[in-house]
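Take a moment with the sequence and the fold, and then read on.

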Amino acid sequence: MRKAKTIIIGIILQILLAELASSQTCSYMWDPVFELSSSNQPMCPVSTTSGSTCSFPFKYNGVTYKTCTIFGPNNQDFRPQCAITVDQNKTALTWSFCRVPTDAVIFYSTVRKGGYWTLNSGSTQGGTMIWIHGNRFAQNGFNSVPSILNTNTVQLVDGYSVYDCEMHNDKITNTQLTCYAPILSEGYYQIRVYVNGYLIPLYQYYDSRQASFTPMLSHTPIITSITPQSGTPQSLIKLAGSFKTACYSRDVDGCAQDNNPLISRIYVGGHLCNVIDPISGATYTTANDTALICFFEDNEVGLFNITMLVTNEYGRSLARSNLYRISADENLYMFQSYAVISSVTPNTGSTQGGTMLNINGNYFSTSTRYPLVVKVGNQPCTILSSTTTTIQCQTPVAPSSSQNQYQGGRGLQMYSTSGYTTQSTLSSSNPPTQTGTPTWTDDALYVSNSSSAETVWLIGFVRVPKTATFTFILDTNGAAALFLSTNDDPTNKVLIASATNNHSPDILLNNNTNYYIFCVGSRSNGYLRLGIQARMHETTLTATTSSLVFNEIQRIAIATIVTPEQQQITYTVSPTNGTSEVQSLQVDNSIFQIGFRGVYT
C-alpha cells in the first residue's frame, strides 16, 4: 500500500509542474520585459482596428517582422500596423493598424534646434537640451497641473542604467519634445519616451540609432581658473577655461544665428553672474572663448559653486577638480563671499556685559542658511537688530580668562618679513614669533614672486567638520615647520611636520573643537612656497570632484557554495481511513541582479 501511494504522489507532482509551465503568462510586444527577452518570452496576441489579430511572423519587402511595424504599405503617418493574413511563405497579404497603448512615433533626436540626428553629443555635466522629433506625443504636455494621463517623459538608457531627462515643457508640441540631459558618464544612451505613461517601443522608431545621446568631455565647457575664489558679494569674478564659444549675446557679430552656441547663463550658486553691465550695456572686459569677467549680482554671503551654461551641443560646464574647496560641513564649493566690518563702537565697555555695540559694514547675512552670529571674547553678543549694513548687539559678561587669538570667520592670518631662518630654528620647541603687519588669506597657501629671502607665517584655527583621523601635509620648497595645538591654546602647540618630514602622523581631531595651527617657512633665494594640506581619512568625497581626495580601490569577491539537497517524503495512512491529498509546489526561477547607485550586474 505504501509503495502505491508513493507512485501517486510522483504523478501528482508531475501534473502540477506541467500545469505551472502551461500557465506561464505572455507579454505584449510593447512591454519592456518582452523587448528585453523577446526570444524567450511568449507574445500575447495583438488585435487590430479591423477586429482581426496580427499574424506573426510575417514578411514584407524582404524583412521578417515579429512585431508591428511603421514601415507597412499606405502608411504616410507611420502608425504601427501588421499583417492579418499571410501566404504559405509568411508573406503579408492584408494589413491592419495595431491596437497599442500609444501609437506615437519617434523619427530622430538632435541637440541643436533644426539640427540633424548626427548632432547627438553634449556635456557630461548635464544641461544639454535634447530635441526629439516625432508625432502623436501628448497634446498638452505644458500644463500647470501635470498628470500621468496627459504627459510626456523622457529617459536616457545605457544597459540597465536609466536616467531621467528633465522635461522643458514650454517647447513641447505633439511633434516635438525637449528635455535637459542630466550628469552622465561618457557613453551611448538610447532615448526612450513615455507618452501618457506608456513606453514607445523601439519598433515605433524610424531608426533607434537616430534617437540617441552621447555625452563627451570634448563637448563639455571647462572652467580652469576662478579669480578670486573669495570676495564680497556684488564683485567681479574672472573665469578662464575652454568655453566652446565666444558668443554671450545674439547682438555680438557672428552670434546672431541659432546654430551659434551661446553662453546663456553663468551662475554663482543660484545667483546670476552677468557678463554685460546692465547700465552701460558693455562687457566688463573683452570676452572670448577662453576668458571673461562677470559681475556677481547678489548680496548673499555664503559658499557657492560656479557653473556656465552653453547652448546647442554643449551644456553645463565642468570645473577642474583643483578649484574645489571643502567646507566645514564637508561640502565642496568654489567661491566664498564674505561680509565686511568697517567700524565697531564703542570699543570699551563693562566687564559685566550689557554694553550696546554698533557694528557698521556691509553684506551682513539675512540668510537662514547662514544665520548672523556675533561673538565678543568668544562669547555670543545678543543681537537686538540688524540690517545688511548695521548690527546692534548687547555684549556678554567678559570671560574669566582672555586670549590673544580667537576663531574668526574666514581664512588664516599671514605675516611676512625679510631674511632667512634656518630649518633647525623653525623646528625648535620655540620657533620664531611672527613679525610684520598681518593680512588675511583665504587659502592655506602662500606663493612668493620675490627673489629675496623671506620668512612667512600662516596662523589660525582648524575646526573639523566631524570627528575623524587626519594627516597634515606641509607643502614647501624651503625650510618650514608645522605646529598643531591640542586645543585653541597656542602654548600647547607641538611640531607635527617639517620640510624634512612633511607628513604628520595620523591625528584624531574632534568636531566642535578649535585647534590652533602655526606654520612658518623660509627660503634664502626667494620664491618661497608655503602651504598646508589636510587629509581626512573618513570622507564621502571622491577624487573625481576634488584633487585633495585620494580614492581607495577595493576588490569585492562574491562567491556561493551550492549544496545538493535531497528530500524524502514519507506518506503513511491507515488502509481503512485514507484521505486523498494534493499538495502544490511553487517553483521560482526568477533572475536577480546586484546593483549599486544605478549600476547593475
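Which residues have the most contacts inside the largest nonpolar core?

## The largest core

Please keep in mind that this is a predicted model. Within its largest nonpolar core, which has 26 residues, the most contacts belong to I237, L239, I266, L292, I306 and M308. Five strands each supply at least two residues of this core: β14 (222–227), β16 (236–242), β17 (263–268), β19 (291–296) and β21 (306–310).

Leaving aside residues up to four places away in sequence, L292 touches I237, K238, L239, F243, I263, I266, V275, T285, A287 and M308.

## The protein as a whole

Of the contacts between residues at least 6 apart in sequence, 66% join residues at least 24 apart.

Of the 601 residues, 37% are buried. The accessible surface comes to about 34100 Å², and carbon and sulfur atoms account for 51% of that area.

## How confident is the prediction?

The average pLDDT of the protein is 85, and 85% of the residues score at least 70. Both ends of the chain deserve a second look. Over residues 1–24 pLDDT stays under 50, and the model has 13 contacts beyond four places in sequence for this stretch. Residues 597–601 also stay under 50, with 11 such contacts in the model.

Conventions:
Residues are numbered from 1 along each chain as its sequence is written. This is a predicted model: local features need pLDDT of at least 70, side-chain atom pairs count only at pLDDT 80 or more; totals for chains, interfaces and linings use all residues. Side-chain values use heavy atoms; hydrogens and water are left out. A nonpolar core is a set of buried Ala, Val, Leu, Ile, Met, Phe, Trp, Tyr and Cys residues joined through side-chain atoms within 4.5 Å. Buried means under 20% relative accessible area, exposed over 50%, partly exposed in between (1.4 Å probe, protein chains only). Helices (H or I, at least four residues) and strands (E, at least two) are DSSP runs, numbered from the N terminus. Contact means heavy atoms within 4.5 Å. Accessible areas come from the Shrake-Rupley method with a 1.4 Å probe; for residues, only the protein chains shown count as cover. pLDDT is the predictor's confidence in each residue, from 0 to 100.
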